[in-house]
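Subject: Structure handover

Hello,

Here is the structure I promised to pass on. My notes on it follow below.

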Amino acid sequence: MSAHLIAADSDLNIMPEYRGGLLAMAVDLGHRIMPAFNTPSGLPAHRVNLKFGVETGEQRETCTAAAGTLVLEMALLSRLSGDHQFERAARRAVLKLWEGRSKLDLVGSSVDTHSGQWRTAHTGIGAGVDSFYECVAAPVASACSSM
């Protein structure tokens with residue numbers, strides 16, 4: 001999507017012949033990822049086969065970062081394409097994680113994608129949870145506190 005924005009920028013005039021092919025590919029990828037969000041909780045499955053969708057028997061545990069940080073990319077994809085299903089699905093996942101936060105506004109490090117319950121309730125600043133705090137928690141906390 002970043003490459004699309006750069007290529008489509010007429011002020012930069014890097015690729016005057018560009019006709020949006022990268023955005024079309026990103027939309028196709030977005031549609032292929034969407035089956036991951038078809039869980040009872042709305043939290044995305046940890047893995048999705050881009051040809052066949054979520055495979056039967058896919059593990060139900062995922063890390064907080066994998067479940068909650070797609071909102072940045074999916075929101076941009078929705079805004080560039082006009083197809084709002086991507087952002088809605090990713091926002092639903094973020095809000096589900098945020099609902100389960102502790103009294104200290106901390107989230108666990110792994111979650112069951114079907115029940116939405118923490119599989120590992122402790123947290124940290126390392127891989128698997130750090131990007132949730134970096135990219136999502138501060139804006140979500142700010143938005144929720146202003147409601």
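α2 passes α4 in a left-handed crossing, where left-handed means that the near helix is turned anticlockwise from the far one by less than a right angle, and right-handed would be clockwise. Helices here are DSSP runs (H or I, at least four residues), strands likewise (E, at least two), and both are numbered from the N terminus. The model is predicted, so local features need pLDDT of at least 70 and side-chain atom pairs count only at pLDDT 80 or more, whereas totals for chains, interfaces and linings use all residues. Residues are numbered from 1 along each chain as its sequence is written, and side-chain values use heavy atoms, with hydrogens and water left out.

The two helices pack at about 125°, with the axes of α2 and α4 10 Å apart. Axes are lines fitted to C-alpha atoms, for helices over the stretch in contact, and angles run from 0 to 180 degrees between N-to-C directions. α2 and α4 are therefore oblique to each other; under 35 degrees counts as roughly parallel, over 145 as roughly antiparallel, 65 to 115 as roughly perpendicular, and the rest as oblique. On the α2 side, Leu 23, Ala 26, Val 27, Gly 30 and Ile 33 meet Met 74, Leu 77, Leu 80 and Ser 81 of α4, contact being heavy atoms within 4.5 Å. By class, these residues are 7 nonpolar, 2 polar and no charged. In this scheme Ala, Val, Leu, Ile, Met, Phe, Trp, Tyr, Cys and Pro are nonpolar, Asp, Glu, Lys and Arg are charged, and the others, Gly among them, are polar.

α4 also packs on α5: their axes come within 7 Å and cross at roughly 155°. That makes α4 roughly antiparallel to α5. The crossing of α4 and α5 is left-handed. From α4, the residues in contact include Leu 70, Met 74 and Leu 77, and from α5 they include Phe 86, Ala 90 and Val 94. The contact of α4 with α5 has 8 nonpolar, 3 polar and 3 charged residues.

Which residues touch the most other members of the largest nonpolar core? They are Phe 37 and Met 74, in a core of 23 residues. A nonpolar core is a set of buried Ala, Val, Leu, Ile, Met, Phe, Trp, Tyr and Cys residues joined through side-chain atoms within 4.5 Å. Helices α2 (21-33), α4 (70-81), α5 (85-99) and α6 (130-145) each supply at least two residues of this core, and α5 gives the most, with 7. Leaving aside residues up to four places away in sequence, Phe 37 touches Gly 42, Pro 44, Leu 70, Met 74, Ala 89, Ala 90 and Ala 93.

Two loop residues other than glycine have a positive phi. Asn 13, with phi near 50°, is in the loop between α1 (2-8) and α2. Asn 13 is partly exposed, at 49% relative accessible area (buried is under 20%, exposed over 50%, partly exposed in between; 1.4 Å probe, protein chains only). Asp 105 has a phi of about 65° and lies in the loop between α5 and β2 (110-112). Asp 105 is partly exposed too, at 37%.

Buried residues make up 36% of the 147.

Regards
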